[in-house]
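I open this notebook to record what I looked up in one structure.

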Amino acid sequence: MHLNLSILLFFTLTLSYSQVHKKPNVLLLYMDDLRPELNSYGSKHIYSPHIDKLAKKGVQFNEAYANVAVCGASRASMLTGIYPSKDYFIDYKTRVDIEKNDIVTIPKLLKNNGYTTISNGKIYHFLDDKWDDWDEVWRPYAFDNPEGIEPIDWWQSLWKDYQTKENKELEKITGKGPAFEIANVKDSVLIDGLLTNKVIRDIKRLKNKSSPFFLTAGFISNHLPFIAPKRFWDIYDYDSIKLPLNDSPPINAPNISISYNAELIYGYSGIPKKGDLPLDLSKKLTHGYYATVSYVDHLIGKIMNTLDEEGIANNTIIVFVSDHGFNLKEHSQWGKYTSHRTSGKVPLIIYDPRNDFRTNSNSLVELVDIYPTLLALLDLDKPKHKLDGKSLVNIIRNPYHENKSHVFMKNAKGYTIKTTKYSYTEYLKLKGKRQCIDNMLFDHKNDANETVNLSNEVKYKSVVDSLSNLLHNRYQSNIYGVSN
């Protein structure tokens with residue numbers, strides 16, 4: 001009897017010791033196309049109580065930017081910690097295992113350091129990209145669909161989660177469905193509902209493991225088509241939805257800066273091929289986007305509650321981030337693919353339960369900073385490849401700390417330097433005779449909505465020259481390629 005009690009006491013103490021002394025877990029809440037139009041970011045018309053709660057617990061970064069405004073390339077850049085270039089991380093079709101297979105990514109480094117790594121939902125753009133980075137890879141329907149859809153078919157089954165028979169048939173026959181749908185279904189029926197249930201199951205089974213975990217939740221609901229359960233549409237009054245005032249291209253904007261809404265026009269039915277969208281359609285799209293924000297917020301709340309209920313919230317670092325921003329008619333644009341602030345600016349919240357600061361930071365940061373930040377928070381050695389970002393730990397511990405003077409962004413032929421005051425973009429021709437096709441300069445202190453391009457005004461010549469020199473000198477290899 002005494003021997004049994006001793007054995008039980010030994011295993012209890014061993015388990016308690018391992019839980020207390022193992023490195024922190026990491027939960028990555030990875031959003032798709034989510035712009036920082038959230039209540040905690042000052043958008044009081046948005047209902048996002050759970051994200052707001054996370055922001056109050058952690059450090060919210062008000063000036064965070066993606067390094068490239070397209071999902072595949074942005075995710076590759078963030079997960080490798082290196083900037084996009086002329087030669088790699090170019091568009092949504094980016095594959096790290098083809099373009100930079102020798103790089104040790106965030107999940108691979110954590111896996112090498114004893115973490116259980118699980119990819120849930122959309123993390124890399126392609127399901128099988130860098131497969132060996134993970135102990136487990138899961139996407140709804142790819143593996144557990146009763147109809148046995150093979151992983152190669154994940155694009156249609158994951159992206160366009162239509163619920164009505166009419167929309168399913170339309171998409172099946174034409175390859176296009178509507179750009180939004182009011183789904184009269186339970187929360188758990190949609191892709192992100194299935195994802196959330198999987199993450200919750202993972203938390204419950206991983207909590208008592210002796211090894212820490214790197215667990216991801218890659219949501220897709222903020223991506224077109226805007227599909228959310230009806231009750232989240234009902235949160236917003238259609239008549240009260242306001243469209244942006246800066247709904248035309250900036251004055252003096254170069255033609256090359258305008259994307260012409262290709263993703264929306266060619267991907268979805270019922271969208272005019274030319275000209276502005278009708279007012280009613282514009283408001284309906286915005287309404288649908290807002291509904292997906294509140295839907296995902298609700299699901300995030302369920303995941304955060306599970307961390308609390310299972311007793312591991314105090315040993316789990318949470319990173320909440322989006323792959324890039326999104327235009328909701330700003331500059332006449334819908335989607336991303338532009339060099340404007342609305343395409344590049346993202347929400348970023350980092351919660352470390354060991355940190356005493358609970359506030360916002362206005363320091364400029366970029367998504368390549370996340371890799372070195374996690375290394376510093378987890379006290380892990382750097383990989384062999386050079387990381388382009390800078391750790392945000394000093395800001396997390398003191399949000400009034402300034403991290404850097406500027407950030408770098410790339411979008412197609414546009415290369416951008418963003419400082420605290422200005423955003424400067426050059427559109428470059430790099431094949432044959434290299435030349436600057438056109439440029440843009442915005443004064444964010446006086447024109448936050450980027451309504452007037454100042455690049456050709458004489459009084460801003462010194463600013464243009466200075467930022468152009470910085471762009472070409474500091475980011476030469478990213479612009480011209482390593483064989484420059």
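With 484 residues, what radius of gyration does the chain have, and does it agree or disagree with that of a compact globule? I note at the outset that the model is predicted. For 484 residues, a compact globule would have a radius of gyration near 23 Å, and I find 23 Å for the chain, so the two agree.

Entry on extent. I took the box along the principal axes, and the C-alpha atoms of the chain fill roughly 90 × 55 × 40 Å.

Entry on surface and burial. I looked up the accessible surface of the chain, which comes to about 20600 Å². Carbon and sulfur atoms hold 52% of that surface. Of the 484 residues in the chain, 60% are buried.

Entry on contacts and elements. I considered the contacts in the chain with a separation of 6 or more, and 70% of them join residues 24 or more positions apart. I count 16 helices and 18 strands in the chain.

Entry on one helix pair. I then turned to helix H2, residues 49-57, and helix H11, residues 279-309. Their axes lie 7 Å apart, and the helices pack at an angle of about 55 degrees. That angle makes H2 oblique to H11. On the H2 side, I list Pro49, His50, Ile51, Leu54 and Lys57 as making the contact. On the H11 side, the contact is made by Asp297, His298, Ile300, Gly301 and Met304.

Note on methods. Residues are numbered from 1 along each chain as its sequence is written. This is a predicted model: local features need pLDDT of at least 70, side-chain atom pairs count only at pLDDT 80 or more; totals for chains, interfaces and linings use all residues. Side-chain values use heavy atoms; hydrogens and water are left out. Axes are lines fitted to C-alpha atoms, for helices over the stretch in contact, and angles run from 0 to 180 degrees between N-to-C directions. Helices (H or I, at least four residues) and strands (E, at least two) are DSSP runs, numbered from the N terminus. Angles under 35 degrees count as roughly parallel, over 145 as roughly antiparallel, 65 to 115 as roughly perpendicular and the rest as oblique. Contact means heavy atoms within 4.5 Å. The radius of gyration is taken over C-alpha atoms; the globule rule is 2.2 Å times the number of residues to the power 0.38. Buried means under 20% relative accessible area, exposed over 50%, partly exposed in between (1.4 Å probe, protein chains only). Accessible areas come from the Shrake-Rupley method with a 1.4 Å probe; for residues, only the protein chains shown count as cover.
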